[in-house]
Amino acid sequence: MEASRKLTGRQRQVLFFFFLLGLCLASAGELKRYSVEEEREGRSFVTNLVNDLGLGQMEFSRRGAKVISKGNKLHLQLDRETGDLLLTEKVDREELCGHTEPCLLRFQVLLDNPLEIFQAELEVRDINDHSPAFMDKEILLKISESSLPGTIFPLKNAQDIDVGQNGIDNYHISSNSYFHVLTRKRSDGKKYPELVLDRALDREEEAELKLILTAQDGGSPPRSGTTEVHIEVLDFNDNAPQFEQLSYRVQIPEDSPIGFLVVTVSAMDKDIGVNGEISYSLFQASDDISKTFSIHPLTGEVRLREQLDFEKTQFYEVNVEARDAGTVSGKCTILTQVIDVNDHAPEIILSAITNPIPENLPETMVAVFSVSDLDSGENGKTSCSIQEDLPFFLKPSGENFYTLLTQNALDRETTAEYNITISVADMGSPILRTQVNITVQVSDINDNAPAFTQTSYTLFVQENNSPALHIGTISATDSDSGSNAHITYSLLPTHDPQLDLASLISINADNGQLFALRALDYEALKTFEFHVGATDQGSPALSSQALVRVLVLDANDNAPFVLYPLQNASAPYTELLPRAAEPGYLVTKVVAVDHDSGQNAWLSFQLLKATEPGLFNVWAHNGEVRTSRLLSERAAPKHRLLLLVKDNGDPPRSASVTLHVLVVDGFSQPYLPLPEVARDPTQEEDVLTLYLVIALASVSSLFLLSVLLFVGVRLCRRARASSLGGCSVPEGHFPAHLVDVSGAGTLSQSYQYEVCLTGDSGTGEFKFLKPILPNFQDHPLGPEMGENSNCRNDWGFGIQLK
């Protein structure tokens, strides 16, 4: 039962809270008005905000209520404990509002948690605390005794700073037999007295009168002020000054300078003498008119005393009095209209601005602003514009409001920032302008894919490289910004199933550096290519790709390999040399290859050691072993030659070749095996056949290439060849450097061969003849080499095919 009661109490609290919340929300938009009378003493009670706002005392204290008044003119104090709103000091309505009625002072009540603002205003009611007062203690009137009954004499009015019914209500004058007072009301609501003559004056009977003029307000109780009206009765002056016009209408530009002549008034008096002398003055001029205009007492020129402001006052009514030497006066009115000039530049007020602006979106709102001009007419009409070379336009949005929009989709990569100058000009003369500069940033979206600096990259890697070697860097740029320009690099899948790219290459995803994961072998893989991708981190991500071609550079990692004669330690091969061989006789030709390429495969041959020095020589470029001289009778029957085959790499690699040469008397002599090595004749014949076939294929290939080159040269030099003969030696110099003709072949020097075929030969004999070399007279073998050839200076070895 007790729990049920507690639950019911909580429910009541919740319901009460929501009731108060709804009441507060409902009252947030209402304007509450309170009123107090002026001259209230400090700590005077105004209202209780707890009751007015419908909040509980605890809730009111918890939410920290504050009272704020505009301009701090109104001194209010809030007692947060009781919710009483008090005046902190005495309030003077005249000091706060002057002649403005009603006197309303606005303030706000602020509540926290949640934030609520209540608008309120305090009306300060006027009390009759000021008495009417005349500016002059005495009013002097000079009235001619000839004045007729009913003549009206205007009197100076009294001033009362109270307003409403507490202002001046009526005038009355002390009891007398000549005058009474009428209370008149002007167009601005102020009341002034007029003295009316009831019966004719008689100077001889009474030369002067002193009357008390009383101004009484309408307060309760009423207050009054007095002044003395001193009337002097003058001798007969029966003509009052008369103005040429009872009213003057003038228009004055507001920018007229001080001292500007507004108008010249003129009055005439038919009297003569002192009664005809006229003086001019402003009649019943308010403070505003007295500060603004002045009149010359003798000439009647009305001039400006201070600058006019059309926006403050557009019209003035100036009363001028012309008084002669007597008491008679005449009056006229100057109706002055202030003409507006274009003295205020337009004003631009920004209401909203969007910064930054996303690119690629057309007609995006950039700013909303209003335009105003304090001038009027054409001077107050405005036109608004921006620079013509910008992708923006202005759209009118209601009276004097404009919206600045993007004309087309912006591109941040072209222009990331715009300086917009909003220019507003009025239609006055001269034209006044106001400019406001707006700097607008363009925000990036991912609309640009990464772009590689090159469409394809060629990288060079020396073979036998160390693992994880940096072989090059690819680079891409993205004209976007931020994460949209952050590029990640990756290897793209290759379409070659035989290329295991993942085991060869890796890429740094951040900077595009490429690394070789393992050592590369030129002889196994000379070149390969793949694609790399560059992807930004935008949403959605954009990417591009580039081709990377890797060229493996050859290193001198293969020594020369001798094809012929095949080096077999168990069965060395023996060449036969006829004892009657001429100098330059081709004993054999060493054929070798190198798996490397370029200059690493350029081979040279060198004779290191021989049984009989000077008997044999080796051509360095083709490996041909020839005799240097005739064999003597005492020459050894067996010779052992040690040759070195060396490539042109750095450092060079080499292989050695051992040749066994057996001197025989003739090819008809049966060949006897060397006694120191027992050989199988069948096996020896098979090996020899293989070696000969390999050598023949190599030499034939070189020969065919040389023939083609020779024919081409001969065709180009036909005229020259005809003058020299069929088998003449061409001019030129022997090349001193190695040239690889066949790419990876065994010959490291380019040769030209002369071919001589016997027309009547039926044996089908085909010979490799001498290379065409210059200056055979200087050759180490002498000019006599090859004398038995069918062609001049023929040398070489021959292979007979039957």
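Visitor: Is R303 buried, partly exposed or exposed, and what is its relative accessible area?

Guide: Welcome! Keep in mind that this is a predicted model. R303 is partly exposed, with a relative accessible area of 30%. The label follows because partly exposed covers the range between under 20% for buried and over 50% for exposed.

Visitor: Which residue forms a salt bridge with R303?

Guide: Here is the general idea: side chains of opposite charge can pair when their charged atoms come close. In this structure the partner of R303 is E301, and the closest N and O atoms of the two are 3.1 Å apart. E301 is partly exposed too, at 26% relative accessible area.

Visitor: How many salt bridges does the structure hold?

Guide: There are ten salt bridges. One of them joins R323 and E321, with 2.8 Å between the closest N and O atoms. Look at the two ends: R323 is partly exposed, with a relative accessible area of 27%, whereas E321 counts as buried at 7%.

Visitor: Which residues are linked in a network of salt bridges?

Guide: R412, E413 and D444 are linked in this way.

Visitor: What about D136: which residue does D136 form a salt bridge with?

Guide: D136 pairs with K156, and their closest N and O atoms are 3.0 Å apart. To read such a pair, find where each end sits. D136 has a relative accessible area of 31%, which makes it partly exposed. K156 is also partly exposed, at 49%.

Visitor: Now for the inside. How many residues does the largest nonpolar core have, and which have the most contacts inside it?

Guide: The largest nonpolar core has 26 residues, and those with the most contacts inside it are F452, I474, L514, F528, F530 and V548. Several elements each supply at least two residues of this core, including strand 35 (456-462), helix 6 (501-504), strand 41 (527-536) and strand 42 (543-553).

Visitor: Which residues is L514 in contact with, leaving aside its neighbours within four places in sequence?

Guide: Among them are L459, L469, I474, L491, I505, F530 and V548. H470, G472 and S506 are also in contact with L514.

Visitor: Which residues belong to the other core?

Guide: Apart from the core around L514 lies another core of 25 residues, among them Y34, L49, L96 and L105.

Note on methods: Residues numbered from 1 in each chain as written. Predicted model: local features only at pLDDT ≥ 70, side-chain atom pairs only at ≥ 80, totals over all residues. Heavy atoms only, no water. Core = buried A, V, L, I, M, F, W, Y, C linked by side-chain atoms within 4.5 Å. Buried < 20%, exposed > 50% of the residue type's maximum accessible area, 1.4 Å probe, protein only. Helix = DSSP H or I, 4+ residues; strand = E, 2+ residues; numbered from the N terminus. Contact = heavy atoms within 4.5 Å. Salt bridge = Lys/Arg side-chain N within 4 Å of Asp/Glu carboxyl O.
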